[in-house]
Amino acid sequence: MSNLAIIEAGSRQFTVGVGDVVTLPRLEGAAGDSVSFDRVLLVRAGTETATGRPYLDGARVNGEIVEQGRDDKVVVFKFRRRTGYRRKNGHRQPHSVVRITAINA
């Protein structure tokens with residue numbers, strides 16, 4: 001069994017393992033910068049599992065930012081019939097692609 005952890009980033013939870021490439025909500029930094037996540041909820045190493053309440057003390061997940069980007073466009077269209085009311089708006093959510101390098105329990 002490989003090591004894995006559940007981290008919290010951007011008020012969402014992600015299951016990550018060493019070597020995984022995950023898309024997370026926008027993080028500060030440029031491509032090539034290292035990042036560290038200290039909000040670790042669970043760590044599994046082999047058959048040992050440690051859970052936090054809510055976070056594990058001293059647990060840390062390290063990663064490297066691969067790229068900064070934006071998601072596909074989402075079109076927001078508001079319409080009221082028979083009144084001539086139409087509003088069209090688009091939105092692209094920023095994200096960061098991160099490669100997980102280490103899980104430290």
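Q: Where does Pro-54 lie?
A: Pro-54 sits in the loop between strand S6 (48-51) and strand S7 (60-70). Strands here are DSSP runs of E, at least two residues, numbered from the N terminus. The model is predicted: local features need pLDDT of at least 70, side-chain atom pairs count only at pLDDT 80 or more, and totals for chains, interfaces and linings use all residues. Residues are numbered from 1 along each chain as its sequence is written, and side-chain values use heavy atoms, leaving out hydrogens and water.

Q: What is the omega of the peptide bond from Arg-53 to Pro-54?
A: Omega is near -5°, and this bond is cis.

Q: Why is Ser-11 called exposed?
A: Exposed means over 50% relative accessible area, buried under 20%, partly exposed in between (1.4 Å probe, protein chains only). Ser-11 has 70% relative accessibility, so it counts as exposed. Ser-11 lies in the loop between strand S1 (4-9) and strand S2 (12-17). Its phi is near 65°, a positive value in a residue other than glycine.

Q: Why does Arg-82 count as exposed?
A: Its relative accessibility is 72%, so Arg-82 counts as exposed. Arg-82 is in the loop between S8 and strand S9 (85-91). Arg-82 is not a glycine, yet has a positive phi of about 65°.

Q: Why is Phe-79 called partly exposed, rather than buried or exposed?
A: Phe-79 has 46% relative accessibility, so it counts as partly exposed. Phe-79 is part of strand S8 (residues 74-80).

Q: Which residues make the nonpolar surface patch of about 320 Å²?
A: Val-75, Phe-77 and Phe-79 make this patch. Patch residues have over 30% relative accessible area and no salt bridge; nonpolar side chains (Val, Leu, Ile, Met, Phe, Trp, Tyr) are joined within 5 Å, like charges within 9 Å. A salt bridge is a side-chain nitrogen of Lys or Arg within 4 Å of a carboxyl oxygen of Asp or Glu. Areas come from the Shrake-Rupley method with a 1.4 Å probe; for residues, only the protein chains shown count as cover.

Technical notes:
Helix = DSSP H or I, 4+ residues; strand = E, 2+ residues; numbered from the N terminus.
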